[in-house]
Amino acid sequence: TMGALYLKDLADKTRRGLEGRVRQGRSGGGLCYGYRVVRGPVGRDGETERGLREIDPTEAAVVRRIFGRFAAGEGPKTIAAALNREGIAGPRGGIWQAGTIRGQAGRDAGILRNRLYRGELVWNRRRWLKDPLTGRRIARQNGTAEVVTEQVPELRIIDEDLWQRVQDRLATQRAAVERDAGTGGERRRFWERRRPQHVLSGKV
């Protein structure tokens, strides 16, 4: 229908506009922990320039602390508990969770995996589809060719040495989980981490 074609054309124009902004080192939307919005100048079209960000010094110090403690051997759960005890607000003002810090490897999500902290702006990693049965939005990973990456050194919070040490430790932990997968090892380790140990632990 004409309405559907119009919406598709509008979505394509919006997407092209966002991509052009990202290729200029501007944000394609959203605000990561550690940064704040900067009000841009008014352009010839009378519109304020969007997508400008700068480092928030207070939040950036927390990001460096998280990276440093993880690289030193602490786990996300321990780090989150320490931040919560000190009353340090997490992203969007909530409490800190281990998952917020660790994130998910396949999605490059989480504080420890956010490439913006090393000065890399990454856009279009995922696309959102609507499930025709449930009506819910479902995230799907885009191919490498569709992902846009731009260097933004002015937004770097974590130096390269610390970034690499953290990524190496994450990779080692992920390899250990994958090695145990299918053997019951991961289930056993999960049980041991989350439950008090008794004579019948893991047997009932």
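Let's start with Arg118: its relative accessible area is 19%, so Arg118 is buried. Here buried means under 20% relative accessible area, exposed means over 50%, and partly exposed is in between, using a 1.4 Å probe and protein chains only. Keep in mind that this is a predicted model, where local features need pLDDT of at least 70, side-chain atom pairs count only at pLDDT 80 or more, and totals for chains, interfaces and linings use all residues. Also, residues are numbered from 1 along each chain as its sequence is written, and side-chain values use heavy atoms, with hydrogens and water left out.

Okay, so which residues does Arg118 form salt bridges with? One is Glu120, with the closest N and O atoms 3.7 Å apart. By salt bridge I mean a side-chain nitrogen of Lys or Arg within 4 Å of a carboxyl oxygen of Asp or Glu. Glu120 is buried too, at 12% relative accessibility. Another partner is Glu160, and there the closest N and O atoms are 2.4 Å apart. Glu160 sits in helix α5 and Arg118 in the loop between α4 and β3, so this pair ties together parts that are 42 residues apart in sequence. Helices (H or I, at least four residues) and strands (E, at least two) are DSSP runs, numbered from the N terminus.

Glu160 itself is partly exposed, at 29%. Its side chain also meets Arg156 in a salt bridge, 3.1 Å from N to O, and Arg156 is partly exposed at 31%. Through shared partners, salt bridges join Arg115, Arg118, Glu120, Arg156 and Glu160 into one network. Searching the whole structure turns up eight salt bridges.

Now look at Gly119. You'll find Gly119 in the loop between α4 (98-102) and β3 (120-123), and it's buried, at 1% relative accessibility. Leaving aside neighbours within four places in sequence, Gly119 is in contact (heavy atoms within 4.5 Å) with Glu150, Gln151, Val152, Pro153 and Arg156. From Gly119 to Ile158 is 39 residues in sequence, but 8.2 Å in space, C-alpha to C-alpha.

Ile158 brings us to the largest nonpolar core, which has 26 residues. A nonpolar core is a set of buried Ala, Val, Leu, Ile, Met, Phe, Trp, Tyr and Cys residues joined through side-chain atoms within 4.5 Å. Ile158 is among the residues with the most contacts inside this core, and so is Leu112. Two or more residues each come from α2 (57-71), α3 (76-85) and α5 (160-180), and α2 gives the largest share, six. Beyond its sequence neighbours within four places, Leu112 touches residues including Ile66, Phe67 and Trp163.
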